[in-house]
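Hi there,

Here is the structure I promised to hand over. Have a look at it first, and then read my notes below.

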Amino acid sequence: FFSRPRDKEALQPGSELWKVSSQYFDRYLRMLDLAESPVDAELLLKAKERQAAYDMWHAERDPALVLFRKMFGKEWTEGFSRSILFPGSAQPAQRGQPATETLEAAGVEIQLVE
């Protein structure tokens, strides 16, 4: 399944590879439909905080950003980085600011379930 096909026809609808791929994705989608999402409010908040921290760290240090700046300019790169690549970095966290305020400032909706 994870190999290079011999020719272009192997990638066409109806081919054996197409059928196997379709079966794989159908099973994956069924698995996602059956998965339960976490309902623990603390766990959900912790995950959002960690994702925002990840985005903020990478928005400043990702090595691809140097290349993007050279190719597309600083303004485009900053916008792309903050809106597409690392959206949680839209508003940098301020030291000492509670995580919930940092997430809200970054546009992350926080909804606690009791």
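What follows is a short tour of the whole chain, a surface patch and some aromatic pairs.

First, some ground rules. This is a predicted model, in which local features need pLDDT of at least 70 and side-chain atom pairs count only at pLDDT 80 or more, while totals for chains, interfaces and linings use all residues. Residues are numbered from 1 along each chain as its sequence is written, and side-chain values use heavy atoms, with hydrogens and water left out.

**The whole chain**

The chain has 5 helices and 0 strands, giving the pattern α-α-α-α-α along the sequence. Helices here are DSSP runs of H or I with at least four residues, strands are runs of E with at least two, and both are numbered from the N terminus. Of the 114 residues, 17% are buried; buried means under 20% relative accessible area, exposed means over 50%, and partly exposed is in between (1.4 Å probe, protein chains only). The accessible surface is about 9500 Å², and carbon and sulfur atoms contribute 56% of that. Those areas come from the Shrake-Rupley method with a 1.4 Å probe, where for residues only the protein chains shown count as cover. Among the contacts (heavy atoms within 4.5 Å) with a separation of 6 or more, 42% join residues 24 or more positions apart.

**A nonpolar patch**

Tyr 28, Leu 29, Met 31 and Leu 32 make a nonpolar surface patch of about 400 Å². Patch residues have over 30% relative accessible area and no salt bridge, with nonpolar side chains (Val, Leu, Ile, Met, Phe, Trp, Tyr) joined within 5 Å and like charges within 9 Å. A salt bridge would be a side-chain nitrogen of Lys or Arg within 4 Å of a carboxyl oxygen of Asp or Glu. Met 31 sits in helix H1 (residues 16–34) and is partly exposed at 47%.

**Aromatic pairs**

The whole structure holds 6 aromatic pairs. Rings of Phe, Tyr and Trp (its six-membered ring) pair if their centres lie within 6.5 Å; planes under 30 degrees apart are stacked, over 60 edge-to-face, and the rest tilted. Tyr 24 and Phe 25 are edge-to-face, at 5.3 Å centre to centre and 75° between the planes. Tyr 24 is partly exposed at 41% relative accessibility, and Phe 25 is partly exposed at 46%.

Why is the pair of Phe 68 and Phe 80 edge-to-face? Because their planes are at 80°, with the ring centres 5.8 Å apart. This pair links distant parts of the chain, from Phe 68 in helix H3 (residues 64–72) to Phe 80 in helix H4 (residues 74–85), 12 residues apart. Ring pairs also link Phe 68, Phe 72, Trp 76 and Phe 80 into a cluster.

Best wishes
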